[in-house]
Amino acid sequence: PVGIPDSARYALYDVAATAGTGAALGGLAVGAAVKNYALLDSQLAIVSRTSALTGHNMDMLGESLLDMGSRIPVSLKGLTDMAARAAQLGVEGSSNILAFTETMSKFAAVSDTVTETEVAEYFGRLNNLTGGSNDWEGLADSVAKVGINSAATDQQILKTAQEVAQAAAGANYAADEIIGLSGAFASLGIPPERARSVLLDFNKIMTKGMGESTESMKLLSAQMGISEDAIRDMWRAKPTELISGMSKAMKDMAPEEAMKFLQDFGLKGQRALPVFLALAKDAKAAGDGISVLDRALDDADFDNSAGELDTQFAKTMETLTASWQMFLNSLQTAGFESMVAIGPFLADVLDTAGDLLDWAIDFSRTPLGETVGTITVALAGLATALMGVTALATMAAASFLAIKTAGTQLGGTRFGAMFAGIGGGATSSRRRLALRRPSSEWVPLPTVPGRSWLCVAVVCRVPWIRSQAPLDVQPARSETG
């Protein structure tokens with residue numbers, strides 16, 4: 001602008017750019033806050049629906065879940081997902097839901113093979129299949145201890161445990177026995193479905209032998225070197241101890257002998273034989289040491305694994321990833337709390353806007369609405385066309401003024417003469433030029449029609465001028481003087 005120094009003009013440009021950037025960032029921040037509030041609000045609504053909690057109880061549960069995010073490095077969405085799954089899996093009451101969610105979130109934080117939703121589903125089903133004791137810490141400690149000392153991942157152990165628990169439903173397997181047996185099966189590469197099938201067959205044979213002396217019981221008694229009654233007592237007290245003893249009794253058998261023993265015992269088919277053959281091979285490889293099966297059963301024992309999850313969780317909390325996730329949770333919680341007051345108002349505004357749109361849609365389907373819609377579209381098209389024409393005209397005028405300004409500012413140079421010739425308009429269209437020859441003589445340039453030829457002559461020094469005979473030196477001037 002005229003009268004404003006360049007430095008001040010550039011400063012104004014910087015202010016305008018900063019203001020625009022600030023406005024854009026502010027808009028993004030508001031949009032992110034609204035999106036974050038909507039997400040958490042919908043997640044808490046799911047928890048309320050599945051848990052049947054409402055009013056003050058639900059408000060307290062929601063606040064506790066958000067506070068949990070500042071202590072446990074699991075996303076707020078993951079926490080609310082686990083709380084919702086807890087209610088669906090039969091966990092009742094806000095205190096039990098919180099206890100379930102806290103334990104499961106700690107396990108999800110220390111495990112790198114299962115997601116938050118998978119953790120909730122696996123442990124919820126395992127709890128239901130093992131009597132529904134709701135001892136979440138005991139189950140999590142047991143799995144964490146077995147997982148850290150075995151060749152199986154947490155996910156493999158939990159998947160196998162669900163299958164084994166279904167097969168063990170008719171026997172006296174304790175929850176920690178199921179976890180230990182599952183860890184051994186997974187470590188030995190036995191698929192979950194095969195493990196379930198084998199245990200079902202084994203349980204049927206043992207159940208039949210509890211009430212009478214069967215050929216299977218006689219064979220097992222002879223191989224293990226104990227009485228049938230001792231086998232029955234072992235089966236009633238701790239089934240996994242009997243499975244371990246049977247595996248050790250088979251460890252010195254040749255493969256063909258082991259297969260015949262299993263078939264005579266009643267475990268036939270391609271699904272059952274590989275499982276006990278693998279257990280027998282494991283017992284033989286252990287020698288005087290501890291086998292994979294016995295190690296897993298020992299680690300899974302609730303008395304031996306107590307506090308294991310907290311020990312592993314403490315190490316996880318020392319990582320930068322954990323600190324970063326908890327910071328993000330706190331940031332999300334702050335944004336959610338800031339929107340609590342206006343969130344319902346925004347919902348009302350959106351509901352009203354939706355009602356207006358529905359009314360407009362219904363009106364557009366009437367004869368009058370169709371007529372109004374046609375006129376509106378036509379006017380909008382006309383306005384758009386006028387705006388386009390105006391924009392093109394403005395661009396053309398701006399281009400012309402820019403070229404003219406450049407010609408004025410660059411006057412006195414060859415390029416300035418070119419731009420002036422294009423942008424000027426007040427001088428005559430015919431001029432004479434005098435070009436300096438190498439001998440310092442001046443050659444009058446004949447009148448050249450059109451400014452474009454003038455520019456070419458000035459910038460390029462047309463070769464034919466050099467070949468002209470010397471003429472009288474005269475200054476270049478326009479015919480109008």
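1. Helix 10 (residues 215–224) has Ser216, Met217, Leu220, Ser221 and Met224 buried; buried means under 20% relative accessible area, exposed over 50%, and partly exposed in between (1.4 Å probe, protein chains only). These residues cover an arc of only 130° around the axis, which puts them on the same side of helix 10. The arc is that of the directions from the helix axis to the C-beta atoms. On the other side of helix 10, Glu215 and Ala222 are exposed. Helices here are DSSP runs (H or I, at least four residues), numbered from the N terminus.

2. A word on the source: this is a predicted model, in which local features need pLDDT of at least 70 and side-chain atom pairs count only at pLDDT 80 or more, while totals for chains, interfaces and linings use all residues. Residues are numbered from 1 along each chain as its sequence is written, and side-chain values use heavy atoms, with hydrogens and water left out.

3. An α-helix has 3.6 residues a turn, so residues three or four places apart point the same way. Lysine 218 is partly exposed at 42% relative accessibility, and glutamate 215 is exposed at 59%.

4. How far apart in helix 15 (residues 292–300) are arginine 295 and aspartate 299? They lie 4 residues apart, about one turn of the helix, and their side chains meet in a salt bridge (3.2 Å, N to O). Arginine 295 is partly exposed, with a relative accessible area of 34%, whereas aspartate 299 counts as buried at 5%.

5. Arg71, Glu102, Lys106 and Asp310 are linked in a salt-bridge network.

6. Finally, the surface: Trp324, Phe327 and Leu331 make a nonpolar patch with about 360 Å² of accessible area together (Shrake-Rupley method, 1.4 Å probe; for residues, only the protein chains shown count as cover). Patch residues have over 30% relative accessible area and no salt bridge; nonpolar side chains (Val, Leu, Ile, Met, Phe, Trp, Tyr) are joined within 5 Å, like charges within 9 Å. Leucine 331 sits in helix 18 (residues 320–339) and is exposed, at 52% relative accessible area.

Technical notes: A salt bridge is a side-chain nitrogen of Lys or Arg within 4 Å of a carboxyl oxygen of Asp or Glu. Helices (H or I, at least four residues) and strands (E, at least two) are DSSP runs, numbered from the N terminus.
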